[in-house]
Amino acid sequence: MDRATADDLARRASYGRKEPVEARRGMVVTSHPLAVRAGVDVLRDGGTAADAALAAAATQLVVEPHMTALTGGLEMLYWDARSGSASYLNGNVAAPLAPLPGFTGADLTTGRGVPVPGWWPAFRAAHERFGVLPKARLLRDGIELARDGFAVNPYLFGEMYAHRAELGCHEQAREAFLPGGSLVGPGETLRQERVACTLERLRDEDSGYYLGEFARAFSAECQRGGGVITPDDFAAYEAQWHTPLRGAYRDVEIVASAPPDDGGCQLIEALNMLDLVDLPGPAQSSVETLDLLTAVHNEVYYAPPRTAATDVETLLSKDYAARRMARLGAAPSPAAVPSPGTIHVTVVDEQRNIASVTHSHMASPWVNGLFAEGFQLSGGGSFFQRGMPWPGERATVYLAPNLVLRDGVPVLASGSPSVSLVACVLQNLVNIVDFGLSIEESVAAPRFGVRPHEPAAGWLPGVTLEHGFEPAVEREFRRRCAERGLWLRDLGPWHSLTGNFEGVTLEGGTLRSCADPRRNGAAEGY
């Protein structure tokens, strides 16, 4: 990617309404234009949807360091068009082999809150199974942008400013984000030489470096912060392939993430409940739909995590959905729900292979002030609060990459980041499947989200609400919430807390997408 192109794309990273995009051959949508272009260029070079998604994700390690890191996790739902089959790759964070007795929220700003990463093992596993271009090609743009730099957009700068203390306390962060003692400002060039070197060594040395020098540097930094991870944790970690979950809704089939990631289970559970009723209209203009969507979402979202040992068949049954519908209105129990920074990438290639990828450092940005080899150490142990995994076991995380099939053929691929990602996907699927909204209408429509994390109060069920619902709908919904004693907060228009729908529709040979106005992303096809 030449410098002029990179500068132009970086300037396009802005909030607000985006134009829809149509294409015949391939499509990429995610939360930064530079990552989108990296993926599209890989498609043009003959790469698969997996190649393009991995190239975009590697670029996001550089251009969205507030949302993802090599020290976090990466999951991929992949549709192989030739076989007509779907696979789910879990490269999520795991608990250390050593125990963490007495783990609490106070540990999240220390090395005890650092999990075992899975990002690179998942990258390698996805590439080995579904990639055709060399890893060097997939990492090329990320390396170049790390070394040559890119213009900081307002979102990134806002997170840097909010976390300048954590960035300022570590030499590796200071040399990139605070050169000369001041933050790199909006529109100024951020260079990350250490990150470039790390990606080059992964390109050239792969596991030799990752399991060797990188693991030792990571472990030493984690232990410096009070953690327990050692290189043995890196050696024991393996990316895992699973069969995705499936469910039926109206006249379509839903294919989604598999346990121990439980967002797909939550999504199908919620749709099972909605399948029992007729929705009168889109939530923005129908209080009955809004009320039911929030109730169904909270019923599944605040339930205990669905681990690999859970009776998923029961959870996804229509009979169980009917019993749960009968008890709607009762407040769910309080639950510990982390507030992660996350990214989603959706790619469709010319052969109609599909990659729906969520990757993340699984925590607030730079939460612990720990760095190794140019990357922050993830604070993703926040998900241990939902339920502490066994030593070496995966965390249970509510991620929901998904596909919608009609007559066995994909018609929509999507996913979302953010603490409200399940609510985001649920609302957009209902908009598109039930009410026929276009993808650009759907992403622009107002949403509800989950309650943001308040450390003093923990997590309690409640609703956050964007502006844009019809006034009569909002007034009546607020009245109902007050009557039931439900917590509700006004978010204003288009708030990133309600997710960022990264979707592509596939109809009649045409791919269509539209980037969400709540982040700085783009959709691009060819």
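Helix axes are lines fitted to C-alpha atoms over the stretch in contact, and the angle between two of them runs from 0 to 180 degrees between N-to-C directions. In this predicted model, helix H3 (residues 49–63) packs on helix H5 (residues 135–148) at an angle of about 15 degrees, and the two axes are 7 Å apart.

**Helices H3 and H5**
- Angles under 35 degrees count as roughly parallel, and H3 and H5 are therefore roughly parallel to each other.
- The H3–H5 crossing is right-handed.
- On the H3 side, the contact is made by Asp 51, Leu 54, Ala 55, Ala 58, Thr 59, Val 62 and Val 63.

**Phe 150**
- Strand E5 (residues 150–151) contains Phe 150.
- Phe 150 has a relative accessibility of 1% and so counts as buried, the cut-off being under 20%.
- Leaving aside residues up to four places away in sequence, Phe 150 touches Arg 3, Leu 34, Val 62, Val 63, Leu 145, Leu 156, Glu 188, Thr 189, Leu 190 and Gln 192.
- Thr 59 is 91 residues from Phe 150 along the chain, and their C-alpha atoms are separated by 11 Å.

**The seven-stranded sheet**
- An open sheet of 7 strands runs in the order E7-E4-E3-E11-E10-E2-E21, and its pairing is antiparallel.
- The edges are strand E7 (240–242) and strand E21 (522–525); each has a single partner strand, so one side of each has no neighbour in the sheet.
- From one strand to the next, the twist averages 15 degrees.
- Within the sheet, strand E3 (residues 73–80) and strand E11 (residues 354–360) run antiparallel and are joined by 7 bridges.
- Trp 79 is placed opposite Ile 354 of E11.
- Helix H4 (residues 119–130) lies across E3, strand E4 (85–91), E7 and E11, and H4 runs at about 155 degrees to E4.

**Helix H16**
- Helix H16 (residues 421–434) has 14 residues and spans 19 Å from its first C-alpha to its last, close to the 20 Å expected at 1.5 Å a residue.
- Because 13 of its 14 residues are buried, H16 is largely enclosed by the rest of the structure.
- Gly 436 follows H16 and has a positive phi, near 70 degrees.

Notes. Residues numbered from 1 in each chain as written. Predicted model: local features only at pLDDT ≥ 70, side-chain atom pairs only at ≥ 80, totals over all residues. Heavy atoms only, no water. Helix = DSSP H or I, 4+ residues; strand = E, 2+ residues; numbered from the N terminus. Buried < 20%, exposed > 50% of the residue type's maximum accessible area, 1.4 Å probe, protein only. Contact = heavy atoms within 4.5 Å. Pairing = 2+ DSSP bridges. Expected span 1.5 Å × (residues − 1). Parallel < 35°, antiparallel > 145°, perpendicular 65-115°, else oblique. Left-handed = near helix turned anticlockwise from the far one by under 90°.
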